[in-house]
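Hi,

Here's the structure I said I'd pass along.

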Amino acid sequence: MAAMDLFGRRWALRILWELRAGPLGARALLARCEGLSSSVLYQRLRELASSGIIAPSDDGYELTRLGTALRDALGPLDDWAITWAKEQERNDQEPTEP
C-alpha cells in the first residue's frame, strides 16, 4: 500500500513519466509539468529518491533500476489509457437519442 500512497500523490506519476526517456533537471521538469510548483516538485523528488525510484545525476534526476522497472510496468497502463481515450472520444461523437 505504501507504493499506492506514493504514486497517488499529486504529480508523482507525472514526474516519473517525464523521466522515462532520460535524466532531466528541475527546470526542465517544471517546464514540462505546467502548474507544478517548485516546492511540490522538490518534495516529490525527495520522496521518489528516498523510495529508490529516482536518483540525482549529473544531468538532474534519473530513474534508478527500480524506476526503470516501474516505467516498464506502466507501459501497458499507458496503452490502456490511449484505448480508453479513443473510446471516450467515439462516445462523445455519437448522437444521443432524444
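The lining of the largest pocket splits into five nonpolar residues and two charged ones, with no polar residues at all. Keep in mind that this is a predicted model.

Who is in that lining? The residues around the largest pocket are Leu-13, Arg-14, Trp-17, Leu-74, Leu-77, Asp-78 and Ala-81. Two elements, α2 (12-18) and α5 (65-93), each give two or more residues to it. The top contributor is α5, with four residues. As for volume, the largest pocket comes out at about 180 Å³, in case you were thinking of putting something in there.

Now the overall fold. The protein chain has five helices and two strands, and from the N terminus the order is α-α-α-α-β-β-α. Its radius of gyration is 16 Å, while the globule rule gives 13 Å for 98 residues; that is well over the rule, so the chain is more spread out than a compact globule. The C-alpha trace spans about 60 × 25 × 25 Å along the principal axes.

A few numbers on packing and surface:

- Buried residues make up 27% of the 98 in the protein chain.
- Taking contacts between residues at least 6 apart in sequence, 49% link residues at least 24 apart.

Cheers

Key. Residues are numbered from 1 along each chain as its sequence is written. This is a predicted model: local features need pLDDT of at least 70, side-chain atom pairs count only at pLDDT 80 or more; totals for chains, interfaces and linings use all residues. Side-chain values use heavy atoms; hydrogens and water are left out. On a 1 Å grid over the protein atoms alone, a cavity is a set of points where a 1.4 Å probe fits but cannot get out, and a pocket is an open set with protein on both sides within 12 Å along at least five of seven lines; lining residues have an atom within 4 Å of a point. Grid points are joined across faces, edges and corners, and a volume is the space filled by probe spheres set on the points. Ala, Val, Leu, Ile, Met, Phe, Trp, Tyr, Cys and Pro count as nonpolar, Asp, Glu, Lys and Arg as charged, and the others, Gly among them, as polar. The radius of gyration is taken over C-alpha atoms; the globule rule is 2.2 Å times the number of residues to the power 0.38. Buried means under 20% relative accessible area, exposed over 50%, partly exposed in between (1.4 Å probe, protein chains only). Contact means heavy atoms within 4.5 Å.
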